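Hi,

Here's the structure I promised to pass on.

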Amino acid sequence: MKYTSTLIAVKNMEKSKRFYHDVLGLDMVSDFGANVVLDGGIALQTIESWQGFLENREVVFSNNAGELYFEETDMEGFLEHLKGFPVSYVHAPMEHRWGQRVVRFYDPDGHIIEVGEDMAVVVRRFAGQGMAVEQIAERMDVPCGYVREHL
């Protein structure tokens, strides 16, 4: 067995395709109408067809029970890019205790999107601030080998 993708239900396929392309830079791999496959392992399914697969059970949006997670090497550039879109934020950009900068916001259907700073970039940012390998490892709560691997 192999994992192939994450599928999310959407209310408006065209709006969702634009969002995932324009905001996150994902390109369409396949378009089957009610199902669209994007690069990066994400599939979009119309709510009508998804509900049919679930034998017409209710589909609940905006439940905050999961997220789609992305990493970005240019966090400042992405945050500036994001300002050009009318997104609803889960929270403002923040820094986790291990030093990774992140932002979480909702897609048009209330699915949470997290964009976090690439962890290798975090390591290099701390090194650029003059931190030694051991200090970075302690700050990030990772092994020294992980830090060396990304320097």
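Val-103 sits opposite Val-115 in strand E8, in a model that is predicted. E7 (101-106) and E8 (112-117) run antiparallel and share five bridges; two strands count as paired if DSSP finds at least two bridges between them. Five residues lie between the strands of this hairpin, and Gly-110 there has a positive phi near 90 degrees.

On E5 (67-72), the pairing with E8 is parallel, over six bridges. Here Tyr-69 is the residue opposite Glu-114.

How many of E8's six residues are buried? Six of the six are, where buried means under 20% relative accessible area (1.4 Å probe, protein chains only). Ile-112, Glu-114 and Gly-116 point one way, while Ile-113, Val-115 and Glu-117 point the other. In a regular strand, side chains alternate between the two faces of the sheet.

Next comes helix H4 (residues 119-128), with seven of its ten residues buried, among them Met-119, Arg-125 and Phe-126. The buried residues of H4 pack against E5, E7 and E8, and also against helices H5 (133-140) and H6 (144-150), among others; contact means heavy atoms within 4.5 Å. At the start of H4, a side-chain oxygen of Asp-118 comes within 2.8 Å of the backbone nitrogen of Ala-120. After the helix comes Gly-130, with a positive phi near 90 degrees.

Helices (H or I, at least four residues) and strands (E, at least two) are DSSP runs numbered from the N terminus.

Residues are numbered from 1 along each chain as its sequence is written, and side-chain values use heavy atoms, leaving out hydrogens and water. As the model is predicted, local features need pLDDT of at least 70 and side-chain atom pairs count only at pLDDT 80 or more, while totals for chains, interfaces and linings use all residues.

Cheers

Terms used: Buried < 20%, exposed > 50% of the residue type's maximum accessible area, 1.4 Å probe, protein only. Polar contact = N/O pair within 3.5 Å; in protein donor to acceptor, adjacent residues only side chain to side chain.
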